Amino acid sequence: MNHKGTRIAIVGPESTGKTMLTQKLAEFYNGEWIPEYARDYIEKLERPYKFSDVEHIARWLIDAYDNCQDAAYPVFFDTEMIITKVWFDVAFGKLPDQMEKWLKHMNFDAFLLCYPDLPWEPDPIRENGGKMREILYHRYRTEIEKLQKPYQIIKGHGAERMANASKALNKLTGLPDLTKTIKADHSLKALF
């Protein structure tokens with residue numbers, strides 16, 4: 001299988017290792033990772049975020065997706081429009097008119113849904129610890145299934161989580177299963 005431009009979305013509730021998983025998968029597969037823009041954007045605001053801020057984040061995500069269409073390598077996204085849709089609904093109780101169009105526009109080859117089996121780590125940006133993590137996990141899963149997207153649930157800690165992600169990518173996209181390489185990398189044990 002040709003993996004040129006394969007796009008993988010890493011989704012899940014807060015503090016489930018999405019960023020580290022995205023970065024490390026891109027590293028192991030000689031790909032690119034698209035960071036979570038929302039965190040950086042919200043951290044720089046000197047006020048509470050508004051509906052228009054989340055719309056701006058959604059448009060940035062569409063642009064990032066469009067800009068990697070001709071990538072000669074796999075591209076790993078540290079979030080996806082499904083998370084943004086649920087964010088709009090939870091925070092504001094409404095969605096932008098173009099949300100369905102945005103969801104259909106972003107056609108990922110695979111979704112890795114991170115299970116909330118890692119401890120929640122509070123920080124000034126995170127708002128959804130405790131029971132809300134489970135609620136969000138189920139909302140994301142429901143949205144992925146509603147859109148009939150290929151996905152696998154990712155569980156475990158450290159190298160085990162990475163190896164589970166690699167096995168899932170092999171199953172979903174045909175990317176090589178790098179479990180042996182991942183398990184030999186002792187630096188992964190302390191990451192998640």
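**Figure 1. Helix H7 and the residue that follows it.** Gly174 comes directly after helix H7 and has a positive phi, near 85°. Helices (H or I, at least four residues) and strands (E, at least two) are DSSP runs, numbered from the N terminus. This is a predicted model, in which local features need pLDDT of at least 70, side-chain atom pairs count only at pLDDT 80 or more, and totals for chains, interfaces and linings use all residues. Residues are numbered from 1 along each chain as its sequence is written, and side-chain values use heavy atoms, with hydrogens and water left out. H7 covers residues 158-173, 16 residues in total, and spans 22 Å from its first C-alpha to its last, close to the 22 Å expected at 1.5 Å a residue. The expected span is 1.5 Å times one less than the number of residues.

**Figure 2. The buried residues of H7.** Among the buried residues of H7 are Gly158, Arg161, Met162, Ser166, Leu169 and Thr173. Buried means under 20% relative accessible area, exposed over 50%, and partly exposed in between (1.4 Å probe, protein chains only). The buried residues of H7 pack against strands S1 (7-11), S3 (75-77), S4 (110-114) and S5 (151-154), and against helices H1 (18-28) and H8 (179-184). Contact here means heavy atoms within 4.5 Å.

**Figure 3. The five-stranded sheet.** Five strands form an open sheet in the order S2-S3-S1-S4-S5, with parallel pairing. Two strands pair if DSSP finds at least two bridges between them. The edge strands, S2 (32-34) and S5, each pair on one side only. On average, neighbouring strands are turned by 20° against each other, direction ignored. S2 and S3 run parallel and are joined by three bridges; Ile34 stands opposite Phe77 in S3. Helix H1 packs on the sheet, touching S1, S2, S3, S4 and S5, and its direction makes about 155° with that of S1. Axes are lines fitted to C-alpha atoms, for helices over the stretch in contact, and angles run from 0 to 180 degrees between N-to-C directions. Helix H3 lies across S1, S2 and S3, at about 170° to S3.

**Figure 4. Strand S1 within the sheet.** Five of the five residues of S1 are buried, so this strand is largely enclosed by the rest of the structure. In a regular strand the side chains alternate between the two faces of the sheet. From S1, Arg7, Ala9 and Val11 point one way, whereas Ile8 and Ile10 point the other way. S1 pairs with S3 in the parallel sense over three bridges, and Arg7 stands opposite Val75 in S3. With S4, S1 pairs in the parallel sense over four bridges; the bridge partner of Ala9 in S4 is Phe111.

**Figure 5. The crossing of helices H2 and H3.** The axes of H2 (residues 37-44) and H3 (residues 51-67) come within 10 Å and cross at roughly 145°. Tyr37, Ala38, Tyr41 and Ile42 of H2 make the contact with Asp53, His56, Ile57 and Trp60 of H3. By class, this contact has six nonpolar, one polar and one charged residues. Ala, Val, Leu, Ile, Met, Phe, Trp, Tyr, Cys and Pro count as nonpolar, Asp, Glu, Lys and Arg as charged, and the others, Gly among them, as polar.

**Figure 6. Thr84 and its contacts.** Thr84 is found in helix H4 (residues 81-92). Thr84 counts as buried because its relative accessibility is 3%. Leaving aside neighbours within four places in sequence, Thr84 is in contact with Val54, Ala58, Leu61 and Met99.
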